[in-house]
Amino acid sequence: MFPYTDGDLARRLRARDPHVMSALYDRYGRAAYSLIYRVVRDAGVAEDLVQETFLRVWNRAQSFDQDRGALGPWILTVARNRAIDHLRSTDGRMSASSTELDRIENPRLFANFEDSAMTLDRARRLREAFVKLTPAQREVIELAYFEGLSQTEMAARLKQPLGTVKTWVRTALKVLRDQLSGQAVA
Amino acid sequence: MNGRPMSCEELREVLELYALGALEGEERDQVDDHLARGCETCQRNLRDALAVNALVMASVKQATPPVGLKRRVLAGFGIERSGWGWLGAFAAALMLLLAGWLSVQERHRQSELAEARSQVIQITAERDRLNQAFNFLNQPETKQVTFGAGKPQPPKGNIFINSRLGVLLIASNLPMLPTGKTFEMWIIPSKNSSPRPAGLFKDNGQGTGMNILPGTMDSLYAVAVSIEPEAGAQTPSDVILVAPVGGA
Ligand SMILES: [Zn+2]
């Protein structure tokens with residue numbers, strides 16, 4: 001459906017060709033907007049943050065030095081982090097962790113992705129896995145992914161012992177992982 | 001925590017959180033140290049964790065972005081037109097400069113019909129660049145640095161720095177480019193950092209050229225220009241200009 005592979009787009013990004021941004025937006029703009037909107041719940045703010053996301057992608061792309069790197073997962077991560085950063089700045093949580101967000105969206109982390117990592121089949125299996133989570137497990141997953149809370153912050157928010165929260169998080173992630181790798185008991 | 005090193009299996013349990021920036025203190029440091037030691041199992045596991053995260057992030061209800069958003073995003077890169085209503089004096093001068101550039105190119109290319117098509121493409125592309133430059137100069141916070149003033153021979157001109165939009169270089173007195181060569185702009189983020197490629201450009205045939213590096217600028221120490229082979233280079237070879245910009 002798309003004329004370019006992610007590898008082509010990554011090469012043009014590294015060559016500082018601004019026109020690649022149009023193709024990049026066509027491919028990932030909607031996913032980035034949806035994710036950011038899911039976090040900030042405000043269309044105007046989401047628009048600003050999508051713009052920031054693509055500027056950041058452009059600025060950081062030079063470290064994206066693998067043709068097999070996964071642009072999609074990287075762009076989603078950048079988008080999510082912009083949204084989380086915004087949440088943190090508005091709800092008065094410390095923003096010292098901006099450097100932490102910076103670190104974890106280093107494009108080098110996204111090198112050598114397998115093409116099979118992001119398929120529709122895996123997306124479907126992930127949705128099925130969500131159904132298997134308990135309400136508490138689902139809640140901590142939400143808090144981690146879409147509110148950017150650490151486990152300590154989750155414990156405070158949910159008024160639960162840290163150990164309990166850690167167990168919920170680990171069990172929930174294991175359910176997701178097992179379902180994706182096909183080890184889940186049906 | 002008690003400082004006991006976590007095994008690869010234990011680390012696997014927290015890699016999604018690590019990649020979300022949700023891991024704290026010693027747990028996070030352990031993952032850092034372990035990955036820094038180059039454990040291949042954990043590198044692979046980290047990629048799996050990143051894939052899990054990306055799938056979760058992609059699983060949200062898909063919303064429809066506002067119609068104008070693509071245009072807005074691309075305007076930041078000078079690709080979409082963003083209005084002509086505010087032509088300032090400098091913008092007008094810049095337009096003249098570019099008009100001169102285009103007419104020279106026109107004379108060079110008139111002869112061949114096949115070339116005409118590529119010329120149209122060229123003009124379209126340049127008009128986009130013009131818009132991009134205008135967008136730049138229109139921002140009140142854009143900082144201007146002049147270099148080479150009062151010197152007859154070396155390149156002179158202006159550098160415009162905007163922390164959100166990037167760097168715009170307009171240079172004249174550029175040396176004649178040998179065949180098969182191009183100018184390459186470089187940015188030097190801080191005093192001791194090495195130059196980073198910032199785009200290729202040619203002059204208008206009369207020693208005047210323009211280049212834009214779009215994007216946010218965290219820090220900028222100097223801008224440089226070199227002459228490189230047509231395809232550009234990763235490190236500068238024949239440097240013709242270094243302009244300090246004074247810690248923008
Ligand atoms: Zn390991």
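**The zinc site**

Select the zinc ion first: its 4 donor atoms subtend angles of 99 to 117°, so the arrangement is tetrahedral (four donors qualify if all angles lie between 85 and 135 degrees). For reference, the ideal angle for four tetrahedral donors is 109.5 degrees. The model is a predicted one, in which local features need pLDDT of at least 70, side-chain atom pairs count only at pLDDT 80 or more, and totals for chains, interfaces and linings use all residues. Residues are numbered from 1 along each chain as its sequence is written, chains are lettered from A, and side-chain values use heavy atoms, without hydrogens and water.

B:C8 (SG), B:H34 (NE2), B:C39 (SG) and B:C42 (SG) coordinate the zinc ion at 2.0 to 2.3 Å (donors are N, O and S atoms within 2.8 Å of the metal). Their spacing in sequence is C-x25-H-x4-C-x2-C. B:C8 belongs to helix α1 (residues 8-12) of chain B and B:C39 to the loop between α3 and α4 of chain B, so the pair ties together parts 31 residues apart in sequence. Helices are DSSP runs (H or I) of at least four residues, and strands (E) of at least two.

**The interface of chain B and chain A**

Now colour the two chains separately. The contact (heavy atoms within 4.5 Å) involves 57 residues from chain A and 49 residues from chain B. About 5100 Å² is buried between the chains, 64% of it given by carbon and sulfur atoms; this is the accessible area (1.4 Å probe) lost by both parts on being put together, summed over both. In chain B, select B:L55, B:M57 and B:R72, which lose the most area to chain A, together 13% of what that side buries.

**Salt bridges between the chains**

Which residue of chain A meets B:R72 in a salt bridge? The partner is A:D48, at 2.5 Å from N to O. This pair runs from helix α5 of chain B to helix α3 (residues 43-60) of chain A. A salt bridge requires a side-chain nitrogen of Lys or Arg within 4 Å of a carboxyl oxygen of Asp or Glu.

Then move to B:E16 and A:R177, whose closest N and O atoms are 2.8 Å apart in another salt bridge.

Definitions and conventions: Buried area is the accessible area (1.4 Å probe) that two parts lose on being put together, summed over both. Donors are N, O and S atoms within 2.8 Å of the metal (3.2 Å for Na, K and Ca); water is not among the atoms, so sites may look incomplete. Four donors count as tetrahedral if all angles lie between 85 and 135 degrees; four count as square planar and six as octahedral if opposite donors are over 155 degrees apart and all others between 65 and 115; anything else is irregular.
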